Amino acid sequence: MHDQISPPTPDLSERRSHPHPGRTPVKITSVTTFAVPPRWLFVRIETDTGVVGWGEATLEGRAATVAALVEELSDYLVGRDPRRIEEHWTVLYRSGFYRGGGLHMSALAGIDQALWDITGKALGAPVHELLGGRVRDRITVYSWIGGDRPAETAAQARAAVERGFSAVKMNGPEELQYLDTRAKVEKVVANVSAVREAVGPDVGIGVDFHGRVHRPMARVLLDALAPFHLLFVEEPVLSEHVDGIADVLRGSATPVALGERLFSRWDFKSVITSGVVDVVQPDLSHAGGITEVRKIAAMAEAYDIAVAPHCPLGPIALAACLQLDAVAHNAVIQEQSLGIHYNTSNDLLDYLVDPSVFDYVDGSVTIPRGPGLGIEVDEDYVRERAAEGHRWRNPVWRHADGSFAEW
């Protein structure tokens, strides 16, 4: 019989004073925002180790309000460890009592992206490695053609294909009343038909209804566009009206995409479980950042629904999207804003030290492999353009009778 030897009692005093042995303490020292042309809001978070993270909190037309909210949330962040991302997200979401919505979730998104950027840079790894490693090396991207009122779409679609894109997206209708004329329907059909003829049968075409269409006309347009074998129809009606047209959407031969105006997993829950959507489009600068959209993507995957992140925004937002695309098996295509009609005074690549990180080859972009979000922001240029800033506003449209029209 052997004597039983008890293990030594551990000395916990050192652990209490150093909760993470061998881990250098890091603290957030400042949170700053920059409103830069054409309509973007960047978030910069600095640490006492000198590591800086960047995020994008762009909510189109509401930059000053979101910047103020980021400043309010920074009261909690300064002095804390930036690597406790899930903890910070939870506190910043739940502790204000009133929660959710475009303003709150956009501010939180920019902060969240910057925290992931810091953590990746500190570890010398891209964010997707911290999320379990990439499931793909590249992802298909599409090019916007036309504008708010589609014009010259066929020529622009042909040019996009010549530049190597394998998919394009265009706005469909202009203003539409609850019941509107056949002429307006035929104009949409003519535009889409011209694009299909210009690019052939193998190029994907997304048509964005942009929430401009009410239930009666949505039914008409979905039927009219079915022969063109579209990649998807986006926001066929506003998300709050989806339940009223659920049977039509479920029966659509064209995949239905929506979600750019939903801001959290709780917003997406009812849409995902309704069976009306085939592609969810959370925006990583509107819907709580990488932390939240990864959960939304996982919810969608459980229902065999694809993810195509919304991103007609700036380079930091796109970099965050690509990190999510890297780890979400159900990510299918990525929106990007190069040359979009909103980008007038500045474009997507202007704020990067190395724009080649977003080079498009054969209609796709390689997942960035650099540390953090995988991009290097040209801080000097950001500060220069922030001195000008912007005051971008959504256009206000009206019907012929003077009543407000959805843009």
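This briefing covers the overall build of one protein and some of its salt bridges. The model is predicted: local features need pLDDT of at least 70, side-chain atom pairs count only at pLDDT 80 or more, and totals for chains, interfaces and linings use all residues. Residues are numbered from 1 along each chain as its sequence is written, and side-chain values use heavy atoms, leaving out hydrogens and water.

**Overall build**
- The protein has 13 helices and 15 strands. Both are DSSP runs numbered from the N terminus: helices are H or I with at least four residues, strands E with at least two.
- Its radius of gyration is 23 Å, close to the 22 Å from the globule rule for 407 residues, so the protein is as compact as a globular protein of that length. The radius is taken over C-alpha atoms, and the rule is 2.2 Å times the number of residues to the power 0.38.
- Buried residues make up 55% of the 407. Buried means under 20% relative accessible area, exposed over 50%, and partly exposed in between (1.4 Å probe, protein chains only).

**Salt bridges**
- The structure holds 20 salt bridges. Each is a side-chain nitrogen of Lys or Arg within 4 Å of a carboxyl oxygen of Asp or Glu.
- K121 pairs with D117 at 3.1 Å. Both lie in helix 4, four residues apart. K121 is partly exposed at 28%, while D117 is buried at 2%.
- E175 bridges to R149 at 2.8 Å. This pair links distant parts of the chain, 26 residues apart.
- R383 and E379 meet at 3.0 Å. R44, E46, E379 and R383 are linked in a network of salt bridges.
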